[in-house]
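Here are a few friendly notes to read beside the model. Keep the structure open and look up each residue as you go.

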Amino acid sequence: MQKINFREQFSNVADACALAQSIVDTVREPVVVLDKELRVIAASRSFYSSFKVSPEETQGRLLYALGDGQWDIPKLRVLLDKIIPEHGVMEDYEVEHDFPNLGHRTMRLNARQVFYEGGADTTILLGIEDVTERHLLERQKDELLIQKDLLLNEVQHRIANSLQIIAGIILSKASTVSSEEARLHLHDTHDRVISFAAVQQQLSASGIIGPIEMVPYLKRLSDALATSMISGSRPVTMKVAGAAGSLSSRQAESIGLITTELVMNVLMHAFPSESMQGQINIAYDVDGANWKLSVADNGIGRPDGVFAQPKTGLGTGIVKALAQELNAKVETVAGPDGTIVSITHATFAATESRAASTATGVSALGH
């Protein structure tokens with residue numbers, strides 16, 4: 001394709017001038033062409049319209065004298081008198097000023113010094129963008145985000161208080177019922193309310209808005225569960241390991257609830273004796289967009305080493321329902337050395353997790 005340049009297309013000076021003026025007039029933002037003395041050679045239609053001035057009172061006049069001195073701005077003087085001569089160009093230089101008929105405005109300036117081969121004096125192209133409304137919207141957005149964070153913190157605080165009140169009422173009711181079965185159910189409900197409160201508390205600590213880093217979140221959650229569920233005299237410890245990875249706050253909440261259910265199950269079934277030493281390992285592994293949560297114990301497990309068949313208890317239903325929401329599958333493997341429960345999202349490399357490598361597992365969901 002033959003290249004056509006301006007020199008060949010516009011050999012007539014008048015034609016070239018007409019093109020230059022048309023380009024200036026076409027630009028959407030206000031544009032001013034200045035000579036080396038900073039007098040206005042030409043200005044765009046948008047400049048005249050935006051600043052309520054006419055060509056007659058603009059062209060040939062010093063920029064600083066336009067509109068009763070509205071452009072006599074100290075920062076603009078620095079730009080045109082010092083920065084442009086030294087660097088030849090300046091981009092996104094913001095100035096604030098009170099303009100007649102416009103009020104206080106923030107202008108973003110772009111300037112460029114133009115040199116000519118024929119020996120003509122240099123000129124300066126000055127582009128002006130009014131970013132006042134944009135800055136206002138950005139400030140309003142920041143204020144709304146701050147208000148949302150404050151409101152969310154207040155909601156989280158009230159939820160935590162409400163859960164504590166509910167847990168207290170349930171525990172108080174458990175001490176008054178005569179049925180042992182009802183008492184066990186109430187204690188079970190109390191533990192779940194407390195565990196949900198722990199999940200919410202750790203989500204708040206992680207920063208519930210935006211992605212949640214899973215391993216730090218699970219470590220904080222395991223510490224909270226150990227404090228609330230394992231008495232000081234019981235020799236059971238918990239560890240968390242895994243690869244870096246993050247999920248949405250909603251996904252993290254589901255995984256937190258699953259982890260809590262599995263830990264509760266281990267404490268209820270894997271170590272039948274209060275004096276039995278035990279280890280619970282929680283692992284979170286990542287493979288691209290896929291992830292795998294494993295909760296394992298070294299409890300009594302199943303002596304035959306076959307796949308454990310979880311009972312259809314409340315805990316089983318909760319874990320299955322949460323896993324289904326996460327598009328994940330639940331797998332339980334038990335043997336004489338303990339039990340492992342894995343929650344796997346999509347396909348995962350056929351390697352055992354860190355929890356499995358320690359020869360520990362989680363007992364079948366029976367609560």
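1. Start with a charged pair: the side chains of arginine 108 and glutamate 94 form a salt bridge, at 2.7 Å from N to O. The term stands for a side-chain nitrogen of Lys or Arg within 4 Å of a carboxyl oxygen of Asp or Glu. Arginine 108 sits in strand β4 (residues 103-114) and glutamate 94 in strand β3 (residues 89-99), 14 residues apart. Strands here are DSSP runs of E with at least two residues, helices are runs of H or I with at least four, and both are numbered from the N terminus.

2. A word on the source: this is a predicted model, where local features need pLDDT of at least 70 and side-chain atom pairs count only at pLDDT 80 or more, while totals for chains, interfaces and linings use all residues. Residues are numbered from 1 along each chain as its sequence is written, and side-chain values use heavy atoms, leaving out hydrogens and water.

3. Is arginine 108 buried or exposed? Arginine 108 is buried, with a relative accessible area of 17%, while glutamate 94 is partly exposed at 27%. Buried means under 20% relative accessible area, exposed over 50%, and partly exposed in between (1.4 Å probe, protein chains only).

4. Strand β4 also holds arginine 105, paired with aspartate 130 in strand β5 (residues 123-130), 25 residues apart. Arginine 105 is buried at 16%, and aspartate 130 is partly exposed at 36%.

5. How many salt bridges does a search of the whole structure find? There are 6.
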